[in-house]
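Please view the sequence and the model together while reading.

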Amino acid sequence: MASIWRYILAGLGLAALLVGIVAVVYLTLPHSASGPDLSRSKKTANGLFVASFEPEHGVVRQGELQSWLLTLKTAAGAPVEGAAITVSGGMPQHNHGLPTSPQATDYLGEGRYRIDGVKFTMSGWWQLHFGISAAAGSDSVVFNIVL
């Protein structure tokens, strides 16, 4: 009779161990089945602006220097003029920055700014961070790009 209890306790111990392993695996997996937010238009972190970001020629190209357009509007929808823009970013999963130093080079009117020097050297998940300073204040926005 004692040996049956040993088997039962061993079975319960093994079941508890397996439940623990499954719980650890579940809790450490990313929970976003849809992946990163790939929207090309969004509110900035503090809600001061609405930013839109798109390749100037409509196509995201890997391995080539390209220009993108950043459009900034106020929360009320007015174009943001005279903004100072900083650009940084990289590949969060690879823990490295951008291979180039993109910069806002031209104001094109109607809240549109040309960002030159964007280059994606490999496929994967990239992020571009924009720091924005304008008359309404300072804010930031992050765009995700997956190649």
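Predicted model: local features only at pLDDT ≥ 70, side-chain atom pairs only at ≥ 80, totals over all residues.

Residues are numbered from 1 along each chain as its sequence is written, and side-chain values use heavy atoms, with hydrogens and water left out.

**Open sheet**
- An open sheet is formed by 5 strands in the order 1-2-3-7-6, with antiparallel pairing; strands are DSSP runs of E with at least two residues, numbered from the N terminus, and two of them pair if DSSP finds at least two bridges between them.
- Strand 1 (41-43) and strand 6 (103-109) are the edge strands, each pairing on one side only.
- Strand 1 is joined to strand 2 (residues 49-55) by 3 bridges, and Ser41 has Ser52 in strand 2 as its bridge partner.

**Strands 4, 8 and 9**
- Strand 4 (residues 84-91) runs antiparallel to strand 8 (residues 125-134), and 7 bridges join them; Val87 stands opposite Phe130 in strand 8.
- Strand 8 also pairs with strand 9 (residues 137-146) in the antiparallel sense, over 10 bridges.
- Strand 8 and strand 9 form a hairpin with 2 residues between them, and Ala134 has Gly137 in strand 9 as its bridge partner.

**Helix 1**
- Leu9 lies in helix 1 (residues 2-28); helices are DSSP runs of H or I with at least four residues.
- Leu9 is exposed, with a relative accessible area of 57%; exposed means over 50%, with a 1.4 Å probe and protein chains only.

Key
Buried < 20%, exposed > 50% of the residue type's maximum accessible area, 1.4 Å probe, protein only.
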